[in-house]
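Have the structure open as you read.

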Amino acid sequence: MLEITLSAHDFKIIKAGDGREGLIAAATHQPACILLDLGLPDCDGIEVLKNLRSFFQKPIIILSVRNSEEDVINALDHGANDYLTKPFRTGELLARIRSALRQSRGDDTAVTFVIKDLMIDIANHTVYKRNELIKLTATEFNLLALLAKNTGRVLTHQYLLKEIWGYTYLEQTQYLRVFVAQLRKKIENDPARPELLITESGIGYRFGE
């Protein structure tokens with residue numbers, strides 16, 4: 001169920017059937033986030049959590065039927081970023097994952113992206129073209145920053161709508177087109193022949209190479 005749900009929301013999934021497999025997968029693939037069940041067939045999930053924290057610094061979210069305050073505190077004390085008790089709603093899990101990923105990407109705020117004659121300063125929320133300040137709305141900047149952080153990758157319409165506006169806008173592709181068009185007018189040399197914000201027809205958008 002989790003694999004189907006998360007894959008439908010653009011997450012790439014790596015599955016592990018027990019604690020040992022999970023530790024090997026984490027070390028081998030270095031995922032952006034780990035969902036860890038405490039009820040594992042070969043060992044206790046807390047032991048896996050302790051082992052993970054010896055080499056893995058990214059978010060770990062516990063999923064468990066154990067709902068006592070002691071269990072929650074124990075997991076958090078041993079390095080879990082969040083704790084979700086089964087049964088849980090899909091929307092809540094997705095929100096917790098997004099929150100954990102945003103926090104883990106906190107260092108991105110210090111990044112400056114430069115492509116052609118455009119400079120995007122994430123920390124100061126400013127954009128310069130040929131050393132001149134470009135005025136962007138908060139939403140325009142957030143959209144541009146998200147694309148820049150994924151330079152060269154195609155981001156789907158649904159992913160962009162979800163990350164910038166939320167789930168209630170998943171079908172509003174026209175809304176996204178309007179903002180992309182506004183951005184192109186401000187950052188492209190020729191908005192009719194974009195070199196920075198590239199359309200991947202029927203899929204989404206890509207920010208340069």
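In which handedness of crossing does α6 pass α7? The crossing is right-handed, a label used when the near helix is turned clockwise from the far one by less than a right angle.

**Ground rules**

This is a predicted model, where local features need pLDDT of at least 70, side-chain atom pairs count only at pLDDT 80 or more, and totals for chains, interfaces and linings use all residues. Residues are numbered from 1 along each chain as its sequence is written, and side-chain values use heavy atoms, leaving out hydrogens and water.

**The helix pair**

Helix α6 (residues 138-149) packs with helix α7 (residues 157-164) at about 130°, their axes 10 Å apart. Angles run from 0 to 180 degrees between N-to-C directions. Helices are DSSP runs of H or I, at least four residues, and strands are runs of E, at least two.

On the α6 side, Thr139, Asn142, Leu143, Leu146 and Leu147 make the contact, meeting Tyr159, Leu160, Glu163 and Ile164 of α7 (contact means heavy atoms within 4.5 Å).

**The sheet**

An open sheet of three strands runs β8-β10-β9, with antiparallel pairing (strands pair if DSSP finds at least two bridges between them). β8 (154-156) and β9 (197-200) are the edge strands. Three antiparallel bridges link β8 with β10 (residues 204-207), and Leu155 has Tyr205 in β10 as its bridge partner.

As for helices on this sheet, α6 lies across β8, β9 and β10, at about 70° to β10.
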